[in-house]
Amino acid sequence: MGCINEITGHTKLTGLLGSPVAHSKSPLMHNESFRQLDLDYVYLCFDVPENDLKTAFEGLKKLNVSGFNCTMPDKTLICQFLDELSPAASMIGAVNTVVNENGKFIGHNTDGIGYMQSVKDAGFDIIGDTMTLLGAGGAASSIFVQAAIDGVKNINVFSIKDKFWDNAERMVEMVNKNTNCTAKLFELGSDAVLADAIADSQILTNATSVGMAPNTDNCIINDKSMLREDLIVSDVIYNPMETKLLTMAKEQGCQTFNGLYMLLYQGAEAFKIWTGKEMPVEHIKKLYF
């Protein structure tokens with residue numbers, strides 16, 4: 001495993017904005033990819049909570065960075081500051097990848113593409129089936145829209161009535177109108193309603209931050225009897241590698257996977273947006289995943 005290329009006066013800056021970000025694998029995979037392809041780029045992490053995002057973004061613009069990723073909690077707020085959104089990012093209402101195109105900062109969303117590829121990598125085919133999706137924030141919205149576009153037949157979205165609720169209502173309406181997917185939105189809180197939805201689903205996906213380090217004792221599912229043996233359970237979290245939800249699911253005999261490959265494949269799409277090159281995915285997977 002090599003180091004990143006030597007920094008020069010021409011090195012292009014990319015990075016990750018969010019909070020927390022110290023755990024991220026993104027610098028490892030992007031910097032190694034730059035090295036492998038002999039590209040004069042570097043990728044760094046910046047801990048930027050929402051209340052500092054506007055200031056940080058203005059600074060990055062002045063520095064003429066090549067682009068950056070956004071993670072929680074910055075994915076939705078960043079949309080306000082950008083010059084343009086891709087069609088997918090506009091539909092989702094969240095951005096995880098920004099590219100500087102001659103001074104114009106354009107937002108994209110590659111999370112959904114990354115998630116759907118990670119489902120395939122885990123050995124599953126959910127096209128034509130039913131999904132129960134927990135959450136309505138940036139990552140959940142991206143998964144929701146991409147799954148509907150790709151052909152998941154029914155999606156049950158569960159969320160608390162927080163700042164993302166109105167956007168979730170809008171997206172459910174849009175998906176029902178513009179795709180062949182039937183989507184329904186439920187308020188998270190009733191175990192009976194959630195249990196009924198899971199009983200009719202092939203896959204349960206946690207796209208919230210519940211259970212992420214350092215709060216690893218938290219779990220969005222209260223009753224593990226909801227998780228039957230033939231259910232696929234996935235979690236977008238990868239720190240810890242096995243959340244309490246995934247541990248509970250394994251105890252019930254479920255097949256599970258975490259958010260590592262979603263991270264890999266959303267990153268590969270971002271890499272292509274910034275550089276025009278394909279990330280050496282198999283090499284990166286062997287090193288870090």
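Asn 206 stands opposite Asp 235 in β11. In this predicted model, 4 bridges join β10 (residues 203–206) to β11 (residues 232–235), and the two strands run parallel. Both belong to an open sheet of 6 strands with parallel pairing. A second open sheet, also of 6 strands, has mixed pairing.

**The parallel sheet**

- The strand order in this sheet is β9-β8-β7-β10-β11-β12.
- The edge positions are taken by β9 (182–187) and β12 (255–257); each has a single partner strand, so one side of each is left without a neighbour in the sheet.
- On average, neighbouring strands of this sheet are turned by 15 degrees against each other, with direction ignored.
- Helix α4 (residues 111–121) lies across β7 (130–134), β10, β11 and β12.
- The direction of α4 is at about 140 degrees to that of β12.

**The mixed sheet**

- The order here is β2-β1-β3-β5-β6-β4.
- At the edges stand β2 (41–47) and β4 (84–85), and because each has a single partner strand, one side of each lacks a neighbour in the sheet.
- Strand β1 (residues 12–18) pairs with β3 (residues 67–70) in the parallel sense, over 2 bridges.
- Within this pairing, Leu 16 stands opposite Asn 69 in β3.
- Helix α9 (residues 260–275) packs on this sheet and touches β1, β2, β3, β5 (97–101) and β6 (104–108).
- The direction of α9 makes about 5 degrees with that of β5.

**Helix α1 against α10**

- Helix α1 (residues 26–36) and helix α10 (residues 281–288) pack at an angle of about 130 degrees, and their axes are 10 Å apart.
- That angle makes α1 oblique to α10.
- The crossing of these two helices is right-handed.
- On the α1 side the contact is made by Leu 28, Met 29, Glu 32, Ser 33 and Gln 36, and on the α10 side by His 283, Ile 284, Leu 287 and Tyr 288.
- Sorted by class, the contact of α1 with α10 has 5 nonpolar, 3 polar and 1 charged residues.

**Helix α1 against α9**

- The axes of α1 and α9 come within 11 Å and cross at roughly 45 degrees.
- The crossing of α1 with α9 is right-handed.
- From α1, the contact involves Ser 26, Met 29, His 30, Ser 33 and Phe 34.
- From α9, the contact involves Leu 263, Leu 264, Gln 266, Gly 267, Phe 271, Trp 274 and Thr 275.
- The residues of this contact of α1 with α9 divide into 6 nonpolar, 6 polar and no charged.

**Helix α5 against α6**

- Helix α5 (residues 138–150) packs with helix α6 (residues 165–178) at an angle of about 5 degrees, with the axes 11 Å apart.
- At that angle, which is under 35 degrees, α5 is roughly parallel to α6.
- Ser 141, Phe 144, Val 145 and Ala 148 of α5 meet Asn 167, Met 171, Val 172, Met 174 and Val 175 of α6.
- By class, the contact of α5 with α6 has 7 nonpolar, 2 polar and no charged residues.

**Aromatic pairs**

- The count comes to 11 aromatic pairs.
- One of the pairs is formed by Phe 34 and Phe 271, whose ring centres are 5.3 Å apart and whose planes are at 25 degrees, so the pair is stacked.
- Phe 34 lies in helix α1 and Phe 271 in helix α9, so this pair ties together parts that are 237 residues apart in sequence.

**Backbone geometry in loops**

- Met 72 and Pro 73 are joined by a cis peptide bond, with omega about 5 degrees.
- Pro 73 is found in the loop between β3 and β4.
- A cis peptide bond also joins Asn 239 and Pro 240, where omega is about 10 degrees.
- Pro 240 is found in the loop between β11 and α8 (244–251).
- Asp 38 has a positive phi of about 55 degrees although it is not a glycine.
- The place of Asp 38 is in the loop between α1 and β2.

Key:
Residues numbered from 1 in each chain as written. Predicted model: local features only at pLDDT ≥ 70, side-chain atom pairs only at ≥ 80, totals over all residues. Heavy atoms only, no water. Pairing = 2+ DSSP bridges. Axes fitted to C-alpha atoms, helices over the stretch in contact; angles between N-to-C directions. Contact = heavy atoms within 4.5 Å. Parallel < 35°, antiparallel > 145°, perpendicular 65-115°, else oblique. Left-handed = near helix turned anticlockwise from the far one by under 90°. Nonpolar A, V, L, I, M, F, W, Y, C, P; charged D, E, K, R; others polar. Phe/Tyr/Trp six-rings, centres within 6.5 Å; stacked < 30°, edge-to-face > 60°.
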